[in-house]
Amino acid sequence: MQPILVDFPECKIIGIGNIGKPTNPGDVWPALFTRINEVTDRINRHETIGLIKRNEHGYLAGVKTDSLSEVPEGMFMYKIPAGLYARVTHRGPISKINETFEKLIYWLSTNNYEQFNVVCFEVYDERFKGEEDGSELDMFIQVKPA
């Protein structure tokens, strides 16, 4: 696992769940998929985003949208801030995602980086296969030099 540092532009996520309130990721994904077509100006129809903000309750499952898009009733919007992010690809079953996250945190500490603004998100696309060994998704964590 070798993270890549990327300059990530601000983007708007609209979805189900909420940052700031206790939310179970297992509940929001099925709800998102039943309502995903209500978000009419998705930027990439092959991607979904799972977002957390450390030290705050909550989880948002959503999609990237145009910055001017309307938020459908019962959905929420969150802007992922622009900045420097460490990106790593999680390979394997989704149930082992915490192992990849722990390796990423260790890599940050041994390479003079620390979490900044504590925004973390996952990008799910056509490579994601749930619990299959060949499944892949990209994880991003906002960082700054230590």
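A pocket here is an open set of points on a 1 Å grid over the protein atoms alone, with protein on both sides within 12 Å along at least five of seven lines, and its lining residues have an atom within 4 Å of a point. The model is predicted, so local features need pLDDT of at least 70 and side-chain atom pairs count only at pLDDT 80 or more, while totals for chains, interfaces and linings use all residues. Residues are numbered from 1 along each chain as its sequence is written, and side-chain values use heavy atoms, with hydrogens and water left out.

**View A. A look into the largest pocket, with about 350 Å³ of space.** That volume is the space filled by probe spheres set on the grid points, which are joined across faces, edges and corners. At least two lining residues come from each of α1 (25–35), α2 (97–110), β7 (113–124) and β8 (136–145). These labels are DSSP runs numbered from the N terminus: helices are H or I with at least four residues, strands are E with at least two. The lining has 15 nonpolar residues, plus one polar and one charged. Here Ala, Val, Leu, Ile, Met, Phe, Trp, Tyr, Cys and Pro are nonpolar, Asp, Glu, Lys and Arg are charged, and the others, Gly among them, are polar.

**View B. The second largest pocket, at about 220 Å³.** Its lining has 13 residues, and M1, V88, T89, H90 and R91 sit nearest the centre. Two elements, β6 (83–91) and α2, each give two or more lining residues, and β6 gives the most, with five. Sorted by class, the lining holds six charged, four polar and three nonpolar residues.

View C. E136 has a relative accessible area of 21%, so it counts as partly exposed, between buried (under 20%) and exposed (over 50%), using a 1.4 Å probe and protein chains only. Beyond four places in sequence, E136 contacts T89, H90, R91, R127 and F128; contact means heavy atoms within 4.5 Å. H90 is 46 residues away along the chain, yet the two C-alpha atoms are separated by 5.5 Å. The side chains of E136 and R91 also make a polar contact at 3.3 Å, meaning N or O atoms within 3.5 Å, one able to donate a hydrogen and the other to accept it.

**View D. D41, in the loop between α1 and β3 (48–53).** This residue is partly exposed too, at 23% relative accessibility. Leaving aside neighbours within four places in sequence, D41 touches K64, T65, D66 and S69. From D41 to E136 is 25 Å, C-alpha to C-alpha.

Technical notes. 1 Å grid on protein atoms, 1.4 Å probe; cavity = no way out; pocket = protein on both sides within 12 Å on 5 of 7 lines; lining within 4 Å.
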